[in-house]
Amino acid sequence: MIAQNLKQVQNRIAEAALRAGHDPAAITLVAVTKTFPVEVILEGYAVGLRHFGENRPEEGAAKVPQVNASVDGPRPTWHMIGHIQSRKADLALAHFDIVHSIDRPKIARRLSRLAVEAARELPVLLECNVSGEATKFGFAVDRWASDAAQRQAFFAACAEVLALPGLRVEGLMTLAPFVDDPQTVRPVFASLRALRDALAEQFPAVAWRHLSMGMSDDFEVAVEEGATMVRIGRALFGERVE
């Protein structure tokens, strides 16, 4: 089942990219394995998946070593895509290759200290709350284009994170609202792309190469709007087992 689902998802990503004039090969498919057991991850690896995303540091800490020890081939790349509590930052650093969810300076400072202690540079993305939903984590940027105070506050937070040792900021991440029609969240993805472009002007020394946006219900729209990483679980593995 996973092999068939993967082929369908890959085809949909490629078609969406080509519609918008993007290179399908430049888009990373992150398979979201939250709540799925090691056996399912290994099945995904066997059919070609190489990037896996976990939402909870403690769940990743239990699964990542098992998967890494079991694969017959290159070690997967592990993405931390969920909110990180400060007391679990050490797990995120120990087990993950990239963190998508830097949502406040405090967690950035914590990860920076741990990365320096480990003599490591950790790639990170800044999580942005573009929709303004109170239930979502991320830097408040729902009015960044029209509200100078909000824009400058975010730019100031970015400057603080960029100055931290041990971290390498590579782009932005967002979660769009859950809606029936994915076209209705196109402005969220377009806003994140525009914000990335504004940051590239403000901080030209940073590559800002990644936009992590789009999940099972809306990834085609996200790809059309410039996503370089899509985070997909259900479309690959079916409904979650909680």
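Phe-52 and Trp-78 are both buried. The model is predicted. The rings of these two residues have centres 5.5 Å apart, with planes at 35 degrees, so the pair is tilted.

In total, 6 aromatic pairs were counted. Another of them joins Phe-36 and Phe-237: the ring centres are 5.2 Å apart and the planes are at 50 degrees, so this pair is tilted. Phe-36 lies in the loop between strand S1 (28–32) and helix H2 (38–46), while Phe-237 lies in helix H9 (residues 234–237). The pair therefore ties together parts that are 201 residues apart in sequence. Phe-36 has 5% relative accessibility and counts as buried, because the cut-off is under 20%. Phe-237 is also buried, with a relative accessible area of 7%.

Ring pairs also form a cluster. Its members are Phe-139, Phe-154, Phe-155, Phe-203 and Trp-208.

A charged group also meets an aromatic ring. The charged end of Arg-50 sits over the ring of Tyr-45. The distance to the centre of the Tyr-45 ring is 3.7 Å.

Terms used: Residues numbered from 1 in each chain as written. Predicted model: local features only at pLDDT ≥ 70, side-chain atom pairs only at ≥ 80, totals over all residues. Heavy atoms only, no water. Phe/Tyr/Trp six-rings, centres within 6.5 Å; stacked < 30°, edge-to-face > 60°. Helix = DSSP H or I, 4+ residues; strand = E, 2+ residues; numbered from the N terminus. Buried < 20%, exposed > 50% of the residue type's maximum accessible area, 1.4 Å probe, protein only. Lys NZ or Arg CZ within 6 Å of the ring centre and 35° of its normal.
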